[in-house]
Amino acid sequence: MPRIYTTIPIEKRFWGKTDPCRTDGCWLWLANKNPEGYGRLWYRQRLDYAHRIAYELYIGPIPDGLHIDHSCRQPACVNPEHLEAVTCIENVQRGIAALINSWRGWYNGCCARSHPFNE
């Protein structure tokens, strides 16, 4: 007997598991996530990342050799406007740059969003 989720269109299954009503523009994945916070969903007979599915559904096929980067740095975000196909090296460099900026803010007595730390 086939599983019922295979008969439901991917768009309906996908968007039923998101929260697009946030003020920061992120559409957070509410269902299954891996330990790093990336959303996951069964698609094409395998467990795939939700942000990759969002990219393919609303932007197009992911070019060979490229990774999908979150411009918002939020792993659970599936907003296609926050996703970009980049090389692996560029994806890692962007992540490291965001981490360094957050450390720099901490070092200067402020958080990553420039709010001063309180005692």
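Guide: Happy to. Let's start with a polar pair: a polar atom of the His70 side chain lies 3.1 Å from the backbone oxygen of Cys77. Keep in mind that this is a predicted model.

Visitor: Is His70 buried or exposed?

Guide: His70 is buried, with a relative accessible area of 5%.

Visitor: And which strand is His70 found in?

Guide: His70 belongs to strand 5, which covers residues 67-70.

Visitor: What else is His70 in contact with, leaving aside its neighbours within four places in sequence?

Guide: Besides Cys77, the contacts of His70 are Tyr38, His51, Pro75, His82 and Leu83.

Visitor: Back to the cysteines, then. How many disulfides does a search of the whole structure find?

Guide: The search comes back with 0 disulfides. Take Cys72: the nearest cysteine sulfur belongs to Cys26 and is 3.6 Å away. A disulfide needs the two sulfur atoms within 2.5 Å, so Cys72 is in no disulfide.

Visitor: What about Cys77, how far away is the nearest cysteine sulfur there?

Guide: For Cys77 the nearest one is the sulfur of Cys72, 3.8 Å away, and Cys77 is in no disulfide either.

Visitor: Which of these is buried and which is partly exposed?

Guide: Cys77 is buried, with a relative accessible area of 0%. Cys72 is partly exposed, at 25%.

Visitor: Switching topic: how many helices and strands are in the protein chain?

Guide: The chain has 3 helices and 6 strands. Going along the sequence, their order is α-β-β-β-β-α-β-β-α.

Visitor: And what share of the residues counts as buried?

Guide: That would be 28% of the 119 residues. As for the surface, the chain exposes about 8,400 Å², and 55% of that is supplied by carbon and sulfur atoms.

Visitor: How many residues are in the largest nonpolar core?

Guide: That core has 14 residues, and those with the most contacts inside it include Phe14, Trp29, Leu41 and Ile53. Two or more residues each come from helix 1 (10-15), strand 3 (40-43), helix 2 (50-58) and strand 6 (83-86).

Visitor: Which element gives the largest share?

Guide: Helix 2 does, with 4 residues.

Visitor: One last thing: what does Ile53 touch, not counting residues up to four places away in sequence?

Guide: Ile53 touches Ile10, Phe14, Leu41, Tyr43 and Asp48.

Conventions: Residues are numbered from 1 along each chain as its sequence is written. This is a predicted model: local features need pLDDT of at least 70, side-chain atom pairs count only at pLDDT 80 or more; totals for chains, interfaces and linings use all residues. Side-chain values use heavy atoms; hydrogens and water are left out. Buried means under 20% relative accessible area, exposed over 50%, partly exposed in between (1.4 Å probe, protein chains only). A polar contact is a pair of N or O atoms within 3.5 Å; within protein, one must be able to donate a hydrogen and the other to accept it, and residues adjacent in sequence count only if both atoms are side-chain atoms. Contact means heavy atoms within 4.5 Å. Accessible areas come from the Shrake-Rupley method with a 1.4 Å probe; for residues, only the protein chains shown count as cover. A nonpolar core is a set of buried Ala, Val, Leu, Ile, Met, Phe, Trp, Tyr and Cys residues joined through side-chain atoms within 4.5 Å.
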